[in-house]
Amino acid sequence: MVTERLKEIAERAVQFAMKQKVDQAQASAFLVDDALTRFANSQIHQNVAQKSGGAILKVILNKRISTIRVGTLEEEEIKKAVVEAVKIAKASSPSKEFKSLPEPEKWTPIKGAFDEETAYCEPKYRAEKVREAIETAHSKSPDVKAVAGYFSTGSMAYAVANSLGVSAWADMSITYMKTTVISKSGTSEGFGAAEKYSRRIKDIEPSLLAEDAAEKSVKSINPVKLNPGEYEVVLSPLAVATLLMFVGYVGFSANAYQDGQSFVKYNLNQQVFDSKLTVKDDARDFKTLYTVPVDGEGVPKKALELISNGFVSEKSICYNSFTAGKENKKSTGHAALPIGDYYGERSGPFNMIVKAGDATLDEAIAETKHGIFITTVHYVNPVEPTKVILTGLTRDGTFLIENGNISKPIVNMRFTDSMLSAFKDIPLISKQVEMVRRTTVPMMKLKKLRFVGISAY
Amino acid sequence: MSSDFGKIALEEAEKKGASYADIRISEILNENLTVKNGEPETVSLSQEKGFGVRVIVNGAWGFAGSIDLNKEEIKKTVERAVSIAKASGLLKKKEAVLARDRPRKDKYATSFKKDPFKIALEQKLDTLVQAGRILKEQSQLIKASYTHYHGFRENKLFISNEGAEINQQITWCGGGLSAIAVKGGEMQTRSYPSPFRGDFSTSGYEFFESLALLDHAKEVGQELLKLFEAEKCPSSEMDLILYGDQLALQIHESCGHPTELDRALGTEADYAGTSFLTPEKLGKFRYGSEKVNIVADATVPKGLGTFGYDDEGTQAKKVYLIKEGTFVGYQSSRETVAELKLKESSGGMRADSPLALPIIRMTNINLLPGDWRAEEIVEDTRDGILITTNRSWSIDDRRINFQFGTEIGWRIKNGSRENMIKNPTYMGVTPQFWGSCDAISNDNWKMWGTPNCGKGVPGQVMYVGHGCGTARFRKVHAGLIK
């Protein structure tokens with residue numbers, strides 16, 4: 001088994017590091033084997049597979065910490081890297097705030113997160129499913145001009161060990177598909193997109209995604225311009241997911257909290273959001289995509305209530321062992337996973353799950369007199385983190401709601417608003433939730449979102 | 001780097017029916033140092049090596065990469081790439097065709113005086129620790145100071161079955177400092193010389209030394225504190241003077257990305273988006289004012305996007321994207337220029353890892369100098385703002401509507417720089433915005449390095465450069481935060 005091999009590599013690396021007379025050592029070994037078929041203009045144009053892996057070695061010597069990441073699982077190469085890590089630690093300066101690597105805690109593996117069919121999917125299968133998506137989209141309307149997207153299948157596994165006795169591992173399969181449909185009538189173009197994420201390839205139904213994307217695309221031809229201003233909005237799960245990920249990134253990371261960048265710091269035990277909003281971070285819940293039992297330091301993932309009926313508190317904060325040590329706390333199991341280095345050593349929520357409501361999308365539309373239905377948001381970035389002011393644009397189908405009905409497509413609009421204000425009044429939350437990247441989210445209706453500009457299409 | 005493994009791959013690919021095949025074998029070193037509040041937070045070295053094989057079989061593409069560089073794995077990986085290409089062929093609408101490019105045999109290395117990987121770690125950390133402490137000591141309001149160093153080296157070998165064999169070494173380094181201060185729930189940040197970890201250049205350690213972090217730490221801290229007393233950015237239409245890295249990012253987002261030919265041809269439609277600069281506009285479309293000349297130039301010394309050859313063996317070159325305001329060129333690859341029947345690739349294909357497929361990436365996208373001195377632009381402005389150091393950015397998927405925010409700005413009234421302003425933001429529409437550009441400086445032009453440009457699925461992060469000075473834009477909508 002891959003995880004057995006990784007566990008052995010990590011444990012051996014720690015043993016070797018301790019022989020170099022360091023105070024503490026941690027090693028993680030990982031393997032990612034994935035493939036992705038990408039299509040555009042209704043044909044496959046990029047079709048790739050990669051087997052990547054490596055080890056991350058951390059040694060501590062008199063509070064001097066060094067980390068080496070090597071892109072290999074060869075034992076001799078890893079040993080060389082350990083020696084290099086020790087050299088670097090000796091040359092470094094002490095980090096006074098470092099307390100200790102985590103002590104071992106009881107953990108249990110997660111069964112059922114790895115699906116062989118998904119992990120070892122053949123390119124021919126992906127190509128056939130892509131064909132299904134393309135043909136379905138084109139069959140929906142003669143206005144469908146081009147179909148784009150991607151379909152990924154694969155697996156990841158990692159193991160972590162440290163000199164205090166931690167030895168833990170995780171593995172899972174992962175698959176996702178996105179379909180973007182571009183339509184055209186006269187000189188006007190329409191856009192629509194749909195995405196699906198799962199650990200099991202059987203859950204990916206290309207024709208459903210293609211139908212959804214094609215419908216939005218065709219309906220968004222000939223959009224009209226709406227003046228900027230404040231509007232009621234109905235957000236699809238895709239849009240909710242993106243906004244919520246930013247709230248999580250800037251708000252619930254201990255790094256942001258300790259630097260004074262997190263809104264939680266200034267709103268402890270206060271109701272910041274609508275009382276209907278409850279969000280937990282729980283990696284063991286099968287509703288979340290990245291179902292893993294331990295974090296990148298081998299600490300069991302703890303379920304945290306990030307937002308509880310609109311309230312945030314100290315319990316909302318996600319710690320790794322370093323940030324926890326600074327406050328004499330224990331890690332909550334939110335160290336970054338060793339499979340990617342996008343967030344570096346920043347701790348944070350990776351499995352946000354929003355509590356479902358009792359509404360449906362149709363009800364949300366029906367109860368809106370004059371508002372906007374946003375299917376996707378694009379290029380969202382924080383403008384001011386302590387107030388969670390985000391800016392971004394609508395994309396792939398934006399529609400005007402008038403008197404309880406979707407009346408017409410509108411030109412994409414730019415929003416710039418505080419999410420503390422936007423999520424303060426949420427009249428409706430759907431009972432259906434969807435897995436979208438690192439979140440599991442429902443549709444939401446917001447009482448107001450501030451738009452500052454419009455695009456050209 | 002030995003070509004033996006590469007030749008095995010090419011022979012194997014041809015045996016299995018590939019009409020075209022190339023292989024990149026590469027090793028990448030990254031040294032990342034972050035010091036927080038004067039204490040090391042990240043002292044990290046990463047070493048990545050592996051190879052990636054690209055094949056065309058029956059007119060369709062396949063790619064596979066692996067970290068295990070041995071004969072058996074190379075054969076397996078070639079087989080995987082070929083089987084992927086055959087699957088691609090199931091949906092083929094047109095043949096993959098590459099524009100001609102003379103196969104080269106060459107060696108190239110970016111130049112440096114002091115090898116960043118031979119400078120002692122203690123020396124680098126000493127600078128970062130001292131600068132971080134000076135910055136943090138400026139006030140108790142400063143919650144965190146960060147100082148950064150990043151050194152990069154890639155040694156790579158590119159071989160194709162057309163006969164190319166190119167060895168390259170790319171070395172770059174740089175760094176910077178930043179601090180976050182909080183007062184009464186208001187957060188401000190200030191960075192030097194640019195945000196998001198600093199400025200970078202294909203140079204040696206001498207570039208990091210030239211940043212003189214120790215000399216700037218105190219000034220940055222003091223300027224940060226002044227932001228709490230600064231006026232809010234006024235909300236109105238006014239003249240906007242962009243300086244330094246903010247002008248670089250404006251070029252990156254509103255000219256760099258929309259002139260990528262893969263976007264214009266729709267192949268990034270599912271993720272980053274397409275481009276308003278569609279092929280029928282080439283050579284005709286009025287992108288900006290006559291003052292605006294923008295080039296993609298992979299040959300400019302010390303640019304972060306400088307190299308000898310791209311990742312499909314095309315020699316580095318300089319091409320005009322915008323000439324006297326007219327859209328005249330794309331950043332391209334051999335396949336995309338063949339599709340448009342253009343003469344040759346601009347040499348823009350790069351991958352961020354040996355395991356990743358090369359895609360069209362910016363090289364150095366430079367706004368050529370104008371005929372003003374930077375100070376003359378200020379003196380000539382009656383009512384406006386001068387802003388610098390990016391804090392936030394966002395642009396739509398065709399690169400038309402954008403919004404940027406910066407760390408700091410100053411009111412300009414009757415030709416003089418007056419009060420400091422905080423949280424400046426502005427918004428615009430690309431062709432109108434560049435159409436309103438009426439002054440570009442020539443005395444403070446420099447290369448800025450952006451090491452974190454994201455693109456593609458699976459996502460890749462590339463290092464690119466932007467040369468510019470200071471420029472003025474008339475009647476821009478500023479002050480968007482309530």
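Of the 482 residues of chain B, 63% count as buried. The model is a predicted one. Chain B contains ten helices and 24 strands, and its C-alpha atoms fill a box of roughly 70 × 55 × 35 Å along the principal axes. A compact globule with 482 residues would have a radius of gyration near 23 Å, and the 23 Å of chain B therefore agrees with that expectation. Among contacts in chain B between residues at least 6 apart in sequence, 76% join residues at least 24 apart.

Between the chains, 64 residues of chain B are in contact with 73 residues of chain A. On the chain B side, strand 2 (residues 39-57) gives the most, with twelve residues. Strand pairing also links the chains: strand 2 (residues 43-61) of chain A and strand 3 (residues 60-66) of chain B run parallel and are joined by four bridges. Val48(A) stands opposite Phe63(B), which lies in strand 3 of chain B.

Within chain A, helix 4 (residues 123-140) packs against helix 5 (residues 206-219) at an angle of about 35°, with the axes 8 Å apart. The crossing of these two helices is right-handed. Residues of helix 4 in this contact include Ala133(A) and Ala137(A), and among those of helix 5 are Leu209(A), Ala210(A) and Val218(A).

The two contacts are listed below by residue class.

Technical notes. Residues numbered from 1 in each chain as written. Chains lettered and ligands numbered in written order. Predicted model: local features only at pLDDT ≥ 70, side-chain atom pairs only at ≥ 80, totals over all residues. Contact = placed C-beta atoms within 7 Å. Pairing = 2+ DSSP bridges. Axes fitted to C-alpha atoms, helices over the stretch in contact; angles between N-to-C directions. Left-handed = near helix turned anticlockwise from the far one by under 90°. Rg over C-alpha atoms; globule rule 2.2 N^0.38 Å. Buried ≥ 20, exposed ≤ 12 C-beta atoms within 10 Å, placed from the backbone.
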